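Colleague: Please take a close look at one residue in this model. Then set it against the whole chain.

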Amino acid sequence: MNKLDILNNDTIAFAKKIYGNDFIPLHRPVFEGNERQYLVDCIDSNFVSSVGEKVVELEEKVVKFTGSKYAVATVNGTAALHVAIELAGVKPGDEVISQALTFIATCNAISYAGAKPLFIDVDVDTMGLSPTALKRFLTKNAEKRTSGTFNKTSGKKISACVPMHTFGFPCRIVEIAEICADWDIALIEDAAESLGSFVGSHHTGTFALMATLSFNGNKVITTGGGGMIITDDFELAKRAKHITTTSKVLHPYEFVHDEIGYNYRMPNLNAALGCAQMERLDEFLAIKKQLAVQWDAFFDKRDVNFFKAINENKANHWLNAIILDSKEDRDEFLKVTNDNNVMSRPIWTLMSKLPMFKDCQTDGLENSLWLEDRVVNIPSSVPDGAIKKLDI
Ligand SMILES: Cc1ncc(COP(=O)(O)O)c(C=O)c1O
């Protein structure tokens, strides 16, 4: 057996030691707390839909956990991102900087606002937008006018920048925020994957004008489907609540809506699930950290690059990732592990290669292309029971 065969077989055996012999998904939710009770309470109260106290409770829990001043719950993370991008002032025809190495939702939300993504490279050690590449691109290709920053090639306004904390590993958000401030570009963090990830003592999503979270079923905690906008700006939070709740003017019985709004409210039923999940978040994060320590030791022994947060940053270990030596190794690893009921997944195909975005301007995306060929996610769920110290 060659080195790769040994790695593939060992990975399958190790995953089965952690999770047992059944099919091992990449990430599954855990409902062992108050989920059932809160759902029943919700049904008994008759408030299962767009009004109810669990939505407010969930928003308060997220405010407390992240340290952000305000939170607005939405029907999913994509809707949160769509509204945040519009509220940041992005207009149809504008350009919005993002990374090509992201999940489709980031670029879909930019498109819903009528804008076009502009793809800048990521850093190899964070998989998130590179401040060096961002600065280089803007210095060469953009000019500042009184009405904002414009792309010299397309003539379009670059009105926002949406970096993403890939798999929960914080990107260099402090540096990115400085560059965006210098260039008058609104910053929105796509923190869909990074609930529980910190840069120093600050939660990801608290460095920008607004940030968005996702509570999809595959995330660190789930509301079934759900998302949230977090911000320190009272007026933005108020606007976000208004337009995500159909722009209805508050009145005991009249139906008046004062602008085009969206029905992006999180139902109370989903928020009830989220409240119970938030009660377990610290515990999930602690277990996921222990799991990552075990995977790290396992891959370290086999000379494989196990992805880690840089500097003093703290990742939530949502999805563990490894970097293999080549696309061929990656393909073989994916095939063998999946054939043996251990789910693994390649990183996303770059957005710049998809038909909808293939005409968008890029800066060459050297690191994104390199990572696209090599990064693989491995099982990362919170296992049943405590994590034993495993023989690696
Ligand atoms: C990077 C990123 N952005 C946005 C989203 C959108 O979230 P949702 O699936 O809740 O719409 C997700 C997750 O699904 C994501 O991974």
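Modeller: Serine 326 sits in the loop between strand S13 (320–323) and helix H10 (327–339). Helices here are DSSP runs of H or I with at least four residues, strands are runs of E with at least two, and both are numbered from the N terminus. This is a predicted model, where local features need pLDDT of at least 70, side-chain atom pairs count only at pLDDT 80 or more, and totals for chains, interfaces and linings use all residues. Residues are numbered from 1 along each chain as its sequence is written, and side-chain values use heavy atoms, with hydrogens and water left out.

Serine 326 is buried, at a relative accessible area of 16%. Buried means under 20%, exposed over 50%, partly exposed in between (1.4 Å probe, protein chains only). The side chain of serine 326 reaches the backbone nitrogen of aspartate 329 at 3.1 Å. Leaving aside residues up to four places away in sequence, serine 326 touches Asp373 and Arg374. Contact means heavy atoms within 4.5 Å.

Now the whole chain. Of its 392 residues, 54% count as buried. The protein has 11 helices and 15 strands. Its radius of gyration is 21 Å, close to the 21 Å that the globule rule gives for 392 residues, so the protein is as compact as a globular protein of that length. That radius is taken over C-alpha atoms, and the rule is 2.2 Å times the number of residues to the power 0.38. The C-alpha trace spans about 70 × 60 × 35 Å along its principal axes. Among contacts with a separation of 6 or more, 72% join residues 24 or more positions apart.

Definitions and conventions:
A polar contact is a pair of N or O atoms within 3.5 Å; within protein, one must be able to donate a hydrogen and the other to accept it, and residues adjacent in sequence count only if both atoms are side-chain atoms.
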